[in-house]
Amino acid sequence: MTSGPVATLRSMPARVVLGLVRFYRTWISPYRLPTCRFMPTCSEYATEAVQEHGAAKGVALALIRLAKCGPWHPGGWDPVPERRHRHDEACENASTASDNVNRSS
């Protein structure tokens, strides 16, 4: 089984979400005044989030980002968080556990 950005692009929900973002960027965004206070823009962020994390988590991250869009948030550089793989978490937990055992000896 494949994992990572290539696998998420093959899923139907991810393709639907990316299609909706493309529709927005092509047909709605050009007719609005440029008001984005973030870099990358919210549509770029949504695309990257879905590609990196899949449809469900990508949409959740994009909605959180959209909720920040207002006068109460200064904006600026806000990249998509990196994907944490289960293998990385398992190695990190094993390393912490072995450190605790070594310290108690």
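Helix α2 of this predicted model buries Ala-14, Val-17, Leu-18 and Val-21, where buried means under 20% relative accessible area, exposed over 50% and partly exposed in between (1.4 Å probe, protein chains only). Seen down the axis of α2, these buried residues fall within an arc of 95 degrees, so they line one face of the helix; the arc is that of the directions from the helix axis to the C-beta atoms. Helices (H or I, at least four residues) and strands (E, at least two) are DSSP runs, numbered from the N terminus.

**Helix α2**
- The 17 residues of α2 reach 23 Å from first C-alpha to last, close to the 24 Å expected at 1.5 Å a residue, the expected span being 1.5 Å times one less than the number of residues.
- On the face turned away from the buried side, α2 carries the exposed residues Met-12, Leu-20 and Trp-27.
- Leu-20 counts as exposed because its relative accessibility is 55%.

**Nonpolar core**
- Ala-14, Val-17, Leu-18, Val-50 and Ala-55 form the largest nonpolar core (buried Ala, Val, Leu, Ile, Met, Phe, Trp, Tyr and Cys residues joined through side-chain atoms within 4.5 Å).
- Helix α2 (residues 12–28) gives the most to this core, with three residues.

**Chain**
- Five helices and two strands make up the elements of the chain, in the order α-α-β-α-α-β-α from the N terminus on.
- Of the 105 residues in the chain, 24% are buried.

**Basis**
- Residues are numbered from 1 along each chain as its sequence is written, and side-chain values use heavy atoms, leaving out hydrogens and water.
- Local features need pLDDT of at least 70 and side-chain atom pairs count only at pLDDT 80 or more, whereas totals for chains, interfaces and linings use all residues.
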